[in-house]
Structures are given as C-alpha cells and as structure tokens.
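Please look over the sequence and the model, then read the points below by topic.

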Amino acid sequence: MSERPEEPNQPADNDSLLPIDEHVEEGQDAEGRKVRHRGIYLLPNLFTTANLFAGFYAIVNAMNGNFSVAAATIFVAMVLDSLDGRVARLTNTQSAFGAEYDSLSDMVAFGVAPALLAFEWALSGLGSVGLTVAFIYVAGAALRLARFNTQIGKVDKRYFIGLASPAAAGVVAGTVWAFSDFGIKGSNMSFIVALLVALAGMLMVSNIRFYSFKDLDLKGRVPFVAILIVVLAFAVVFSDPPRILLLIFLAYAASGPVQYLLQLRRRKQVE
C-alpha cells in the first residue's frame, strides 16, 4: 500500500492485469492536501470479515435448526465487532472503506441473523404477523446503522442515540439461547418473543440515549482490584452463559427507557 499526493493531470491507471480494480481512497494529509491511498488495511478488515462470517454462520445454523449454536455465534460476532474498531484505532488504520465494510457486516450479524433466528425458532408459527415482526427488527437495524454513520462526530460519544444493534442482537439471541438450551420450544412463547423482537427493533430507531462506555480509559493504570473484578465477571458469565448474557443485555436495553422516564419525572417536578 502506498500513499502519494493526488495528480489531477495524470490519467487513471485502468490497465490493471487483475480482473477487479484496485481500491483507491481519497483523503487529506496533515497539511490539508489531497492524497490518494491505494489498497486497504488488512488487520482491522480481517476482524470485520470474521464478524461477517460469524453472522453468515449463524444464519446457516438457524435455518438448520441449530438454534443454540446460531445464538452463540452471534455473541462471538459481537466480540469480533468490538475488536475491529479498537484494532483500527490502536494501529491508526481507520479508513472510510473499513467503516462501510463494518456497517455492512453488522447488518448481517446483528440485523439479519437475529431476526432469522427468532423467526425460525418462534415467529414462523405466527404466519404473516411473525414475518412482519422479524422485518421490523431488520428494518430497525438498517435504519439504526445508517443513522449512526451520519451522526459520527456530531453527537456525544458517551451515548448512543437508540439501542445499538449488537445490544439488540444480544437481547434476541440471548432469549433464544437461554430458552432453547432448556429444551423449550419457541412456539410455546411465540407472542412473548414477538413482543421482545418488536421492542428491540423500535428501541434501535428511538431517540432514547444509551451509555456507550466509550469514555472508559482502557489504556491507563487501574487499581489491582479492577483485575480481580474482571476475572470475577468472566467467571460469572461462564458459569451459565445463556442466562447471564441474557440478563446483562436485558438490563442494558432497559437502562435507556428507565433513565428516560426518570428524566421526564425530574422535569415535571421542576415545572
């Protein structure tokens, strides 16, 4: 990969021997001059590709009736999604291509995969109602990701506007994983799942704020007890992953509406 100033009078190189064109991305250097970047950064996009594959793998397993495997794979996709952005920032390899690729991968892993998982497990028995509920979730995820991309740098980074798509996917996938692991059939709780999936889709496009945890300093020194707390947290999660993860994501999804209602109450008391 090379970087050089843009040369307007130089014709574009269209004589590549490759069957596809090389990606060229325009940007600015430290002095504000236009530069052209050839190629893409490999490391962060490897994590994004793994995230995309995890979403695809979850879809395949959901279609084959392996609901627990599909749900667990969605949680694996969350870990990969959290890594690609951090790796890009740590290695200074952010790019517009990487941002768009990440959004498309998130749409598969946290939009289509959870909706299809919920539909195959519980919503298919509701007919057109189940199909509508699943689509509401997919549309909510698509709108959430599109809005997030347009708000980068314009909103307080400490908060998400609307429930983040990975958190919404955690609620849906956690529900399927927790109950299917007990051998409970989705058809026995289809209406509850439909309500939960629809609420998750609506929360993604709401204006309710959710804490993003982006202001946490992960590079600085912390007290030794902080490491003990992290170890204890991992131990608790791995003691019963389906139920513990479901409780965590349900609590996070509820935190936004609860905080919103408390703020409304304070405003009424002031008035």
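Y252 has a relative accessible area of 16%, so this residue counts as buried. The model is a predicted one. The protein chain in it holds eight helices and five strands, and 37% of its 271 residues count as buried.

**Overall layout**

- Read from the N terminus, the elements follow the order β-β-β-α-α-α-α-β-α-α-β-α-α.
- Among contacts between residues at least 6 apart in sequence, 80% join residues at least 24 apart.

**Y252 and its surroundings**

- Y252 is located in helix α8.
- Leaving out residues up to four places away in sequence, Y252 touches F160, L163, A167, F210, Y211 and F213.
- One of these contacts, A167, is 85 residues from Y252 in sequence, while the two C-alpha atoms are 7.7 Å apart in space.

**Aromatic pairs**

- The model has 10 aromatic pairs.
- In one of them, the ring centres of Y159 and Y211 are 6.1 Å apart and the planes meet at 65°; planes over 60 degrees apart count as edge-to-face, so this pair is edge-to-face.
- Y159 belongs to strand β4 (residues 159–161) and Y211 to strand β5 (residues 209–211), so that this pair links parts of the chain 52 residues apart.
- Y159 is partly exposed, at 26% relative accessibility, and Y211 is also partly exposed, at 29%.
- Another pair is formed by F213 and Y252, with ring centres 6.2 Å apart and planes at 35°, so the pair is tilted.
- F213 lies in the loop between β5 and α7 (224–239), whereas Y252 lies in α8 (residues 241–270); the two are 39 residues apart.
- Ring pairs join Y159, F210, Y211, F213 and Y252 into a cluster.

**Charges over rings**

- Which ring does the charged end of R209 sit over? That ring belongs to Y159, and the charged end is 4.1 Å from its centre.
- R243 has its charged end over the ring of F182, 4.0 Å from the ring centre.

**The largest nonpolar core**

- This core has 54 residues, and those touching the most other members are I74, L117, L123, Y137, L163, V193 and V197.
- At least two residues of the core come from each of α1 (42–63), α2 (67–90), α3 (96–121), α4 (128–151), α5 (165–180), α6 (190–204) and α8.
- L117 touches A62, F67, A70, A71, I74, A173 and V176, when residues up to four places away in sequence are not counted.

- The 24 residues of α2 reach 35 Å from the first C-alpha to the last, close to the 34 Å expected at 1.5 Å a residue.
- Just after α2, N92 takes a positive phi of about 55°.
- α3 has 26 residues and should span 38 Å at 1.5 Å a residue; its end C-alpha atoms are 37 Å apart, which agrees.
- α3 bends by about 30° at A113, and a proline, P114, follows within four residues.

**Two residues of helix α1**

- T48 lies in helix α1 and is buried, at 3% relative accessibility.
- Apart from neighbours within four places in sequence, T48 is in contact with D84, Y101, D102 and S105.
- L52 is also placed in helix α1. Is L52 buried or partly exposed? Its relative accessible area is 28%, so L52 counts as partly exposed.
- L52 touches Y101, S105 and V108, not counting residues up to four places away in sequence.
- L52 and V108 are 56 residues apart in sequence, and their C-alpha atoms are 6.6 Å apart in space.
- An α-helix has 3.6 residues a turn, so residues three or four places apart point the same way.

Definitions and conventions
Residues are numbered from 1 along each chain as its sequence is written. This is a predicted model: local features need pLDDT of at least 70, side-chain atom pairs count only at pLDDT 80 or more; totals for chains, interfaces and linings use all residues. Side-chain values use heavy atoms; hydrogens and water are left out. Rings of Phe, Tyr and Trp (its six-membered ring) pair if their centres lie within 6.5 Å; planes under 30 degrees apart count as stacked, over 60 as edge-to-face and the rest as tilted. Buried means under 20% relative accessible area, exposed over 50%, partly exposed in between (1.4 Å probe, protein chains only). A charge sits over a ring if NZ of Lys or CZ of Arg is within 6 Å of the ring centre and within 35 degrees of the ring normal. A nonpolar core is a set of buried Ala, Val, Leu, Ile, Met, Phe, Trp, Tyr and Cys residues joined through side-chain atoms within 4.5 Å. Contact means heavy atoms within 4.5 Å. The expected span of a helix is 1.5 Å times one less than its number of residues. The bend at a residue is the angle between axes fitted to the seven residues ending there and the seven starting there.
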